[in-house]
Amino acid sequence: MWLYGVGIIACVAAIWFLCRRGQAKEQCTEETDAVVVFFEEKVDIDPMTKRGTILYFPVYQYVVNGMIYHAKAQDFIRKTPASLLNTHCMVKYNPEKPEECLIHDRRAIKVAEFSEESFVPNKQFGRW
C-alpha cells in the first residue's frame, strides 16, 4: 500500500518539475552575451572507491540594465578548465527578473549581482 503513495509522490514531483522548467523557458525571452569568468569547484567522492573527482562548474557573467549578474551553469567539466575562461555564449533571461536565466536551455543558479559602478573585480572572478 505504501508503494502507491511513493508512486503518487514521484508523479506529482515530476509534473511539478516539468511545469517549472516550461515556465522558465516561457519567461526567459530576452538574450544577451555572457562570458565565463571563473569556475566553481566541487569534489565528488565515489562511495565505492572513496576517491574524489573535482568537478568544475562554469560561472557566467552578463549585464542587463547596468547590473552585472553571475550565474552558475548546471553543466560541469571534469578536466582543468583554464582554457575555457573568457568563453562567450548566449544567455536567455527573464526581462522582469534578470537574475533568472537559462544557460544552454537549462536553468542557471544565481551566484552574485552587482551594479556596474560598484563592481570591483578581484582574483576569484577570472583573469582581469
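A salt bridge here is a side-chain nitrogen of Lys or Arg within 4 Å of a carboxyl oxygen of Asp or Glu. The structure is a predicted model, and by this rule the count comes to 3 salt bridges. This briefing takes those pairs in turn, then turns to some single residues and their surroundings.

**Salt bridge Arg106–Asp75**

- Arg106 pairs with Asp75, and their closest N and O atoms are 2.6 Å apart.
- The two residues come from distant parts of the chain, 31 residues apart: Arg106 belongs to strand β6 (residues 106-107), while Asp75 sits in the loop between β3 and β4 (88-93).
- Arg106 has a relative accessible area of 36% and is partly exposed.
- Asp75 is also classed as partly exposed, at 28% relative accessibility.

**Salt bridge Lys72–Glu40**

- Lys72 forms a salt bridge with Glu40, with 2.9 Å between the closest N and O atoms.
- Lys72 lies in strand β3 (residues 67-72) and Glu40 in strand β1 (residues 30-45), so this pair ties together parts that are 32 residues apart in sequence.
- The side chains of Lys72 and Glu40 also make a polar contact, at 2.9 Å.
- Lys72 counts as buried because its relative accessibility of 16% falls under the 20% cut-off.
- Glu40, with a relative accessible area of 29%, is partly exposed.
- Beyond its neighbours within four places in sequence, Lys72 is in contact with Glu40, Phe57, Pro58, Val59, Ala108, Ile109 and Val111.

**Salt bridge Lys97–Glu100**

- Lys97 forms a salt bridge with Glu100, where the closest N and O atoms are 3.9 Å apart.
- Lys97 is partly exposed, with a relative accessible area of 42%.
- Glu100 is partly exposed as well, with a relative accessible area of 23%.

- Val59 is part of strand β2 (residues 52-64).
- Its relative accessible area is 0%, so Val59 is buried.
- When neighbours within four places in sequence are left aside, the contacts of Val59 include Val35, Val36, Val37 and Phe38.
- Glu40 and Lys72, the partners in one of the salt bridges, are also among the residues that Val59 contacts.
- Val59 and Glu40 are 19 residues apart along the chain, and their C-alpha atoms are separated by 6.9 Å.

**Asn94 in its loop**

- Asn94 is located in the loop between β4 and β5 (101-103).
- Although placed in a loop, Asn94 is buried, with a relative accessible area of 7%.
- Not counting residues up to four places away in sequence, Asn94 touches Gln27, Cys28 and Glu100.

**Residues with positive phi**

- Most residues other than glycine have a negative phi.
- Asn65 is not a glycine, yet has a positive phi of about 50 degrees.
- Asn65 is found in the loop between β2 and β3.
- At 71% relative accessibility, Asn65 counts as exposed because the value is over 50%.
- Asp105 likewise has a positive phi, near 60 degrees, and is a residue other than glycine.
- Asp105 is placed in the loop between β5 and β6.
- With 44% relative accessibility, Asp105 counts as partly exposed.

Methods:
Residues numbered from 1 in each chain as written. Predicted model: local features only at pLDDT ≥ 70, side-chain atom pairs only at ≥ 80, totals over all residues. Heavy atoms only, no water. Helix = DSSP H or I, 4+ residues; strand = E, 2+ residues; numbered from the N terminus. Buried < 20%, exposed > 50% of the residue type's maximum accessible area, 1.4 Å probe, protein only. Contact = heavy atoms within 4.5 Å. Polar contact = N/O pair within 3.5 Å; in protein donor to acceptor, adjacent residues only side chain to side chain.
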